Each structure stands twice: as structure tokens, then as C-alpha cells.
Amino acid sequence: MERAVPLAVPLGQTEVFQALQRLHMTIFSQSVSPCGKFLAAGNNYGQIAIFSLSSALSSEAKEESKKPVVTFQAHDGPVYSMVSTDRHLLSAGDGEVKAWLWAEMLKKGCKELWRRQPPYRTSLEVPEINALLLVPKENSLILAGGDCQLHTMDLETGTFTRVLRGHTDYIHCLALRERSPEVLSGGEDGAVRLWDLRTAKEVQTIEVYKHECSRPHNGRWIGCLATDSDWMVCGGGPALTLWHLRSSTPTTIFPIRAPQKHVTFYQDLILSAGQGRCVNQWQLSGELKAQVPGSSPGLLSLSLNQQPAAPECKVLTAAGNSCRVDVFTNLGYRAFSLSF
């Protein structure tokens, strides 16, 4: 019996497939390396690409410098969230979180160090993990997403130590109050919940959609969240709004119609991005200082590289509904784009 001869792959078919992949790519997450010289980006195909910021920012940079140093298959589904410790990159997709050594990722054939799955209510449940948050003081990681719960994992032992229950729908975002062991979470139920990590109890609930920032036609979901001491900024269905946490009072409603997907405090500004190409710069008073256009039609994540070890790589990067990561060397303009 003759052996079957495999069909030859037409020349150029791989290139066409890769071009189609890039055309329909979404970059959900970013994380800067501990040394500050590399950037990881995770997409909807489960791939993680590692870019060299130092090479791309060099005066001798070429087009090749804006391509990944390495790209590898990290998850079967989208990479929704990533964070970095002093040695590891942690990535989350459908139902599990994985760890990768930064030192090893720059080599071809990177292998995961470990993977963990939170204790879900049924073995058939594989909810997406939308948000990861490091709590450095207790060396723990908080995961949240489709099962409407917050799970805390001890990074030293890899065990899950507590579950925080209160949300009634998907959780989209997390933020840490660094001066106190408290975490904020926001999601589809329209509530921002404040949790005390010492007692594992919910200590405050702000039902954002019941206030003047509500926009019922957009829904009640909270898609982005950031905190700075006694202040919080959040948005999504409701308008992007600055809140005083102690009094649960909205103080500034920012005049932008498009739902925002990422927000962060930066010096005396608030930076936000979402539907549309622009990174928005806001004064705390609500005045729009600048809108800086990028190359993607919509933005899902912003990353500020403020690692003191690499001041020459201090940049803002923005990514979303394209295969490109826009790099802003200052807040005034896009310098160039990295690309999968």
C-alpha cells in the first residue's frame, strides 16, 4: 500500500493567513518588563508578543526594531489581562492564569512556569479572567472576571486563599488603594465595590448608574477604574466620572460621549481611552487638555512605563482594535507604532 503524499502548501498561503490575522487582531493587554526595556502585548488569538522598547527607541532603530523579538502561543483563547512581578509575566485567558519567566521569554520556545485555575463553582465552568491585580505588600494576585467573584492567590505557594463575593454580573476591572489594603472592582452590574483585604469583606458600594453620570442608552456596565488615595475615576456605560470615595460623591463628570475602556491617573492628569482613536488627557476639573490620535480605531489598554531602571524607555503605549501598539514618547504626539 502506497503512503499518502502530503499536499504541498501553496507558496504565500502562510503570509496571506498571517495578514488576515493581523487585519482582525485585537490587543487586549500589555505589561512592561521589570527592567523597563521590554513590552509584552497579548491578543485575541492567545498570542503574546515581546517588543524591545530600547531597540525601537534607539536613534539607530529600523523598521525591524518595531517588530516582536519573539511571539509565542500563550493561551487557547484571548489574553485578556497581564501583569509583571520582579521576575515573572502573569497572563490570564479563559479560566486560568499562567506564569512566564521574563528571562526565558526572550528565547525561542518559551515554556510556561506554572498555571493555576481558581476554584470555580462547577467543573464545567470556564469563565474568562478579565482583570489581574498585584498586591505587593502581601505578595498576592487578585483575579476577577466571568464568574462575578474576586479570587486571591498567594504568589509564593500558588494557593487560592479567599473568594470575595458581591457582584451579580461579570467583573471587568480592578484597582488597588495602595495606602490601605483595599481593592476596588467594577463590572456589568453597574456597581463599584470596595473590599477590605484584611477582613475579606465588602465595605462600600457605589451604584454608579443611579447618579447623574448615568447614561441608560449605553447600559450600566463599568469598564474602567483607577484610584488615587481618596479619589476614584471610573466609566463605561455611565460617563467617565471622578468620585470622592469617603463621601461616595461624584465631583467631576468628564464631557466625552464615547464609552471609555481604560483610565489612569498620571501626575496631575487623568488619561483615558476607549471608542475612537484618541488618548484623552483630562484636568481633574473636567477640562479636556488634549486628544492625541493613534492608529487604532478603538483603544482597550494604556500602559505607562515608569520603571526607574530604564528612564530612556519612559513612554506611554496604547493598544486595542488593531495589530499595532502606539508609542508616545511624550503625551503630545504618537512617535511610532510597534506591530505584531
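Which residue's side chain meets that of Arg198 in a salt bridge?

**View 1. Asp196 and Arg198 pair up in a salt bridge.** It's Asp196, and the N to O distance is 3.1 Å. A salt bridge here is a side-chain nitrogen of Lys or Arg within 4 Å of a carboxyl oxygen of Asp or Glu. Asp196 counts as buried at 8% relative accessibility, while Arg198 counts as exposed at 62%. (Buried is under 20% relative accessible area, exposed is over 50%, and partly exposed is in between, using a 1.4 Å probe and protein chains only.) This is a predicted model, where local features need pLDDT of at least 70, side-chain atom pairs count only at pLDDT 80 or more, and totals for chains, interfaces and linings use all residues. Residues are numbered from 1 along each chain as its sequence is written, and side-chain values use heavy atoms, leaving out hydrogens and water.

**View 2. Lys98 meets Glu96.** Their side chains form a salt bridge at 4.0 Å, N to O. Both residues are buried, with Lys98 at a relative accessible area of 7%.

**View 3. Lys98 also bridges to Glu112.** Here the closest N and O atoms are 3.5 Å apart. Glu112 sits in the loop between helix 3 (102-105) and strand 8 (114-116), and Lys98 is in strand 7 (residues 97-101), so this pair ties together parts that are 14 residues apart in sequence. (Helices, H or I with at least four residues, and strands, E with at least two, are DSSP runs numbered from the N terminus.) Glu112 is partly exposed, at 27% relative accessibility. Across the whole structure, there are 13 salt bridges.
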